[in-house]
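Please have the sequence and the fold open as you read.

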Amino acid sequence: MSDGGLIRCAWCTADPLYVDYHDREWGVPNRDERHLFEMLTLEGAQAGLSWLTILRKREGYRRAFLGFDPQAIARFDGARVAELLADPGIVRNRLKVESTVGNARAVLALHERGETLSDLLWGFVDGAPRQNAWPSLAQVPAQTPDSDRLSRELKRRGFRFVGSTICYALMQAVGMVNDHTLDCFRQQGSGGVPPAMA
């Protein structure tokens, strides 16, 4: 998509939410524990749906899941899950809602072992973003050997809705890989907010 002379990745539509997400967030390295948990949750929620649907519900998710605080979410019981399944602000899918609660507990289990979600995730790219150089969207993979390994490890740690495709989308979203295509104005600026957007 092109807008105001800027060329963006072909997946980015003209919707302002999409443009803002593409320009300011997607592909920017982020190691914040809550943000990583948020993106893990949202990528899992997106399965079978459009990303724009999830972006439109993002504030609803932040409200429903208490700012993605794993300690608070881990205490959700059956009654709270039932309330969430009646909340139009999120995707009302029982498996996805219950997986978020279970994943919060898996994050806490990491913390109890002296680990962090950030260290676990970023360890799969040796702590540094992978800089890719795809000429077109058609060449960007849906999953990679790294996302396969990450998926297996997250499942081993008790996480759910973490298939390889979801894991690769997460890696792209939080800047573990830079998959902005070569024609995109963000391709060289994924390490932070691009100068044109500052």
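Which element gives the largest share of the lining of the largest cavity? That share, five residues, comes from α6. This is a predicted model, where local features need pLDDT of at least 70, side-chain atom pairs count only at pLDDT 80 or more, and totals for chains, interfaces and linings use all residues. Residues are numbered from 1 along each chain as its sequence is written, and side-chain values use heavy atoms, without hydrogens and water.

On a 1 Å grid over the protein atoms alone, a cavity is a set of points where a 1.4 Å probe fits but cannot get out, while a pocket is an open set with protein on both sides within 12 Å along at least five of seven lines; lining residues have an atom within 4 Å of a point.

A search of the whole structure finds one cavity of 30 Å³ or more. Among the residues that line the largest cavity are Leu40, Tyr61, Lys96, Asn103 and Phe161. Both α2 and α6 (94-112) give two or more residues to this lining.

Turning to the largest pocket, 17 residues line it, and Trp11, Trp26, Glu43, Ala169 and Gln172 lie nearest its centre. Two or more residues each come from α1 (16-24), α2 (33-46) and α9 (164-173). The most, five residues, come from α9.

Here are the two spaces together:

| Space | Volume | Lining residues by class |
|---|---|---|
| Largest pocket | about 430 Å³ | 12 nonpolar, three polar, two charged |
| Largest cavity | about 70 Å³ | five nonpolar, five polar, two charged |

Technical notes:
Grid points are joined across faces, edges and corners, and a volume is the space filled by probe spheres set on the points. Helices (H or I, at least four residues) and strands (E, at least two) are DSSP runs, numbered from the N terminus. Ala, Val, Leu, Ile, Met, Phe, Trp, Tyr, Cys and Pro count as nonpolar, Asp, Glu, Lys and Arg as charged, and the others, Gly among them, as polar.
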